[in-house]
Amino acid sequence: MEILDKLVNVALIAATLRTTAPILLVALGGSFTTKAGIFNIGLEGQMLAGAFFAVLGSIWTGSAFAGVACGVAAALVFALVFAVLVVSFRANEVVVGLALNILAGGMTISLMKAIFGTRGSIVGQGIVGLPKVQLPGARAVLGSWAPLISGFTPIVYVAFIAVPLLVLFYNRTRLGLYIRVVGEKPEAAEALGISITRVRYTASLLCGLLAGLAGAHLSLGYITMFTENMSSGRGFMAVAILIFSNGDPLKVLAGCLLFGFADAFSLRLQTFGYPSYLVLTVPYVVALTALFALSYRARPKIIKETLALMQKLLSADRNTEPGGKHPS
Amino acid sequence: MVSNAPGSSTRHNVSTGHNLAGPNLAGMAVALTGITKRFGAFVANDGIDLAVRRGEIHAIIGENGAGKTTLMNILFGLLQPDEGSIRLNDEETDVADPAVAIKAGLGMVHQHFKLVPSLSVADNVFLGMEIRRHGLIDHAAQIARTRELSERFGLRVDPTERVGLLSVGIEQRIEILKVLVRGARTIILDEPTAVLTPQESRELFQTLRSFVAEGMTVIFISHHLEEVMEVSDTVTVLRNGKRVATRPTAELTKDELVRMMVGREVSFDRRPREPQRGEVVLEVEELWARDDRRLPALRDVNFTVRSGEVVGIAGVAGNGQTELAEVLSGLRPASHGVARLKGRNLAAFSPAEIRAAGLAHVPGDRMARGVDRNASIAANMLMGRQHRAPWSRGGVLNWNVIGQNASKLIKDFDIRAQGSSDAVKRLSGGNIQKVVLAREFTNGADFLLIDQPTRGVDIGAQEAIHDEIMRQRAAGRAILLISVQLDELAALADRILVMFNGRIMGEVAGDDADEDRIGMMMAGVAAPEFAAETA
């Protein structure tokens with residue numbers, strides 16, 4: 001029990017919220033494209049570009065918020081390129097997404113080399129991190145539970161507030177409704193004179209906005225540094241969560257919290273001296289197991305049909321010898 | 001054919017069509033004059049005049065391919081006519097796109113619904129013209145308005161339900177509500193009853209009457225006689241892209257309507273034949289099947305086909321012929337009853353096994369199921385026999401043999417192509433069909449299932465295809481010929497079975513094919529001797 005107490009406490013939950021924030025933001029961004037019927041595998045690249053240019057911007061301007069703006073702008077450029085290729089030129093979305101991911105990875109490395117003359121990471125150099133928001137009165141009201149709501153960087157709050165806002169967006173605004181219609185039944189949208197192209201561009205850019213914020217949070221949030229490939233698969237994990245949640249904000253939140261918790265938990269385990277390479281696999285194992293369990297439950301029909309087909313094939317082999325005979 | 005339009009009174013109507021100018025057109029909700037629409041060499045609408053009075057239910061009736069849907073698409077701005085003019089509410093209008101038609105108070109309920117499954121009924125109704133308050137969609141107001149309209153016109157729906165969970169009949173009501181919400185005063189329905197149960201059809205007719213009671217106008221496309229007689233005030237009959245007649249429904253009998261629809265002078269150029277009576281190859285007993293919507297498509301179908309015999313299936317398209325062909329070729333399960341090919345129950349076999357057991361299938365949709373349009377003629381002629389010698393040995397294809405075989409078939413079947421390596425998509429419709437026939441007829445199968453062999457095929461190729469079918473008959477094959485073209489059946493079939501609404505309404509010997517009787521049965525009117533059976 002003592003060990004459990006040490007493992008699970010307020011600090012762990014606060015850490016969960018912190019680690020959830022970037023993946024939640026990028027997944028919510030992807031929710032726009034998912035709902036609009038675009039399979040956006042380029043989230044990883046947008047996030048990475050956001051992280052890099054946020055650092056760059058904060059060094060140039062000396063302001064964390066200007067850095068965030070730079071990061072968002074970079075991610076928007078990536079999102080725009082994605083939209084131009086996928087929506088206007090109808091290129092394959094997986095190919096374009098992967099290409100942009102590789103571009104982001106390579107571009108950040110070579111720019112790092114060109115500007116800072118280093119490889120690996122940018123530390124110090126005058127990077128300004130985001131301030132932490134201390135909610136006044138939080139300690140007075142919640143006592144030792146205060147870290148649950150206070151002391152995060154602004155982007156963490158943005159991430160969690162975005163969830164109910166997106167629920168409202170999809171259910172009560174015209175754009176949200178049109179995004180859903182375009183994704184679900186494009187011919188209905190077309191028949192009603194809704195421009196599919198315009199809606200998909202808008203969804204792509206909204207996605208870039210949130211992915212850029214997520215990237216900026218990575219590099220200016222709790223650690224103020226940029227390292228090569230620092231998004232480390234979060235964009236892909238977001239894609240996985242999107243597939244299983246179908247882009248519904250609440251389900252996205254649930255999936256991201258699970259992943260964030262596993263991430264925070266693994267960090268905690270590291271302090272107990274377990275081998276770090278094993279511990280680092282924990283979030284991925286947890287997330288994959290959960291997603292598999294979900295998909296297994298959500299798709300019994302496919303499994304049932306497969307079983308039925310196999311049964312039919314087996315019994316057909318036995319019962320219908322004459323019909324199986326091929327004249328030659 | 002049309003020059004032999006029935007009755008002098010209808011001729012009178014046709015001839016006055018072009019003179020409908022001036023005062024006659026006043027009070028018309030819709031007036032089309034001299035509408036002509038061509039698709040390539042095919043004339044879908046040929047100088048059609050149509051005047052629809054405000055406040056009437058005007059039925060447009062005709063067989064598939066008569067040009068009904070084309071005409072309505074022109075009226076609604078989905079197609080542009082090559083010739084002719086359109087007046088909406090007494091004003092000459094250029095209906096460049098549907099937005100113009102909607103603005104003029106027209107609304108169209110298509111055959112295929114375009115609803116969003118995850119949205120509620122009310123959301124779907126108001127999609128594209130949402131009611132908003134403070135920038136947010138006002139769901140309560142949309143629900144209230146939908147409910148009000150649905151009660152006023154007897155369109156029973158629950159505005160809050162998700163569309164994905166609803167039946168086709170209710171989906172249609174939602175499509176009608178969509179049209180109403182957009183302020184339509186003239187409502188066009190394209191074959192609305194095709195997807196409905198009889199009960200739902202009756203409710204729809206009630207709704208249509210309530211529209212008219214409020215001074216609205218209804219244009220109603222159909223090929224079902226009974227419902228046209230029941231619900232319409234005026235009928236316009238189209239045939240082969242031309243208007244045959246426009247008459248008040250009360251003055252018409254079903255009999256007259258059938259004759260106008262089917263046409264009197266079908267060219268019965270009957271092929272000479274030797275009588276043959278072989279053994280039974282195909283036996284169908286009490287066969288039932290459902291369509292893709294899970295509604296019954298075949299109802300208690302019974303017949304046999306003997307070797308050396310051509311059995312024709314007549315009927316207006318969509319009365320179960322497609323499903324029958326699919327069941328016989330193993331593409332659709334029967335829900336009840338059996339089909340036996342040479343004594344073996346087909347239900348236990350896959351399509352490949354049925355073919356191996358002696359079926360050749362010329363599918364009705366040749367581009368979807370007959371050929372791979374991007375592959376070469378040789379590859380298309382190989383399909384289905386690629387596992388067998390001499391076409392392949394040890395899993396390796398022998399392209400020499402395949403190519404030689406294809407070249408031979410190209411010559412035998414007179415396929416006009418550069419060579420066997422030509423892609424099928426470069427051929428004309430008739431030649432593509434000959435590729436299918438060449439493959440299927442040389443398979444050594446005893447039973448030929450031939451579905452619409454000459455659809456979209458030019459006259460020369462039609463003759464050749466008919467010759468080939470007769471050769472197969474002479475060779476002792478058992479042939480089931482499904483066609484919507486009466487003259488084709490009358491020319492080739494030994495016996496003609498007429499399908500309506502999934503049932504065989506009756507049988508006519510090919511030798512005395514009486515188009516009146518067939519036409520009546522095609523329209524669902526049981527011939528007296530079959531009345532008991534269909535009751």
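Tutor: Buried means under 20% relative accessible area, exposed over 50%, and partly exposed in between, with a 1.4 Å probe and protein chains only. This is a predicted model, in which local features need pLDDT of at least 70 and side-chain atom pairs count only at pLDDT 80 or more, while totals for chains, interfaces and linings use all residues. Residues are numbered from 1 along each chain as its sequence is written, chains are lettered from A and ligands numbered from 1 in the order in which they are written, and side-chain values use heavy atoms, with hydrogens and water left out.

Student: Is B:Glu191 buried or exposed?

Tutor: B:Glu191 counts as buried because its relative accessibility is 11%. B:Glu191 also has a positive phi of about 45°, although it is not a glycine.

Student: Where is B:Glu191 placed?

Tutor: B:Glu191 is in the loop between strand 9 (186-190) and helix 7 (198-213) of chain B. Helices (H or I, at least four residues) and strands (E, at least two) are DSSP runs, numbered from the N terminus.

Student: And what is phi of B:Asn240?

Tutor: Phi of B:Asn240 is near 50°, again a positive value in a residue other than glycine. B:Asn240 sits in the loop between strand 11 (234-239) and strand 12 (242-248) of chain B, and counts as partly exposed because its relative accessibility is 45%. Most residues other than glycine have a negative phi, and most peptide bonds are trans.

Student: Which residues does the cis peptide bond join?

Tutor: The cis bond joins B:Ala389 and B:Pro390, with omega about 0°. B:Pro390 is in the loop between helix 13 (377-382) and strand 19 (392-393) of chain B.

Student: New topic: how many salt bridges are there over all chains?

Tutor: A search of the whole structure finds 39. A salt bridge is a side-chain nitrogen of Lys or Arg within 4 Å of a carboxyl oxygen of Asp or Glu.

Student: Which residues are linked in a network of salt bridges?

Tutor: B:Asp292, B:Glu326, B:Arg332 and B:Arg369 are linked in such a network. B:Asp292 pairs with B:Arg332, their closest N and O atoms being 3.0 Å apart. B:Asp292 lies in the loop between strand 13 (280-290) and strand 14 (296-306) of chain B and B:Arg332 in the loop between helix 10 (321-328) and strand 16 (336-341), so the pair ties together parts 40 residues apart in sequence.

Student: What about B:Arg369 and B:Glu326?

Tutor: Their side chains meet in a salt bridge at 3.0 Å, N to O. B:Glu326 is buried, with a relative accessible area of 11%, whereas B:Arg369 is partly exposed at 48%.
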